[in-house]
Amino acid sequence: MLQPGSLSYIAGPVIAIVVMVLLALFMRWAFGGSPTGGVRRRRPPPTDDGLLTRVATLSRRESALALRAVLSDAGIRSTVRFPEAHRADVLVFPEDAARARALASSFPAA
């Protein structure tokens with residue numbers, strides 16, 4: 001019979017807490033850790049735009065989305081990529097690049 005003042009009365013909860021802490025540390029190591037010991041590596045900017053052509057690089061997200069809306073109104077399919085903080089690239093298909101560049105050059109935020 002367990003007595004309230006005995007050592008075995010507290011051993012069960014202590015063992016359970018120790019197992020939970022070890023399990024949490026293992027999960028953090030296995031699934032969430034970075035190979036640099038807590039310092040996250042910055043991803044290199046993409047060098048390949050694939051099938052798309054970059055027509056503008058803007059410093060604000062809102063400006064890039066506004067330019068994308070202008071291009072969409074002109075019938076040009078486009079997308080926005082955010083490779084770094086405070087940088088947005090507007091990309092279009094190569095056959096629309098000349099018209100998109102003309103519109104982007106007249107765009108006030110470009």
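Start with E84. Its bridge partner in β3 is R87. Keep in mind that this is a predicted model.

That pair belongs to a strand pairing. β2 covers residues 78-84, and β3 covers residues 87-92. The two strands run antiparallel, joined by 5 bridges. Together they make a hairpin, with 2 residues between the strands.

Now the turn. Which residue there has a positive phi? H86, at about 60°. H86 is not a glycine, yet the phi is positive. H86 sits in the loop between β2 and β3. Is H86 buried or exposed? Exposed, because its relative accessible area is 71%, and the cut-off for exposed is over 50%.

Next, the core. How many residues does the largest nonpolar core have? It has 15. Those with the most contacts inside it are V55, A64, L67, L71, V90, V92 and A100. Which elements supply them? β1 (53-58), α2 (61-73), β3 and α3 (97-106) each give at least two residues to this core.

Set aside neighbours within four places in sequence. L67 is then in contact with A56, L58, V90, A104 and F107.

UniProt, in an unreviewed entry, lists residues 6-31 as "transmembrane region". In the model, that stretch is 96% helix and 0% strand. Its end C-alpha atoms are 39 Å apart.

Conventions
Residues numbered from 1 in each chain as written. Predicted model: local features only at pLDDT ≥ 70, side-chain atom pairs only at ≥ 80, totals over all residues. Heavy atoms only, no water. UniProt positions renumbered as here; feature names shortened; annotations may be inferred. Helix = DSSP H or I, 4+ residues; strand = E, 2+ residues; numbered from the N terminus. Pairing = 2+ DSSP bridges. Buried < 20%, exposed > 50% of the residue type's maximum accessible area, 1.4 Å probe, protein only. Core = buried A, V, L, I, M, F, W, Y, C linked by side-chain atoms within 4.5 Å. Contact = heavy atoms within 4.5 Å.
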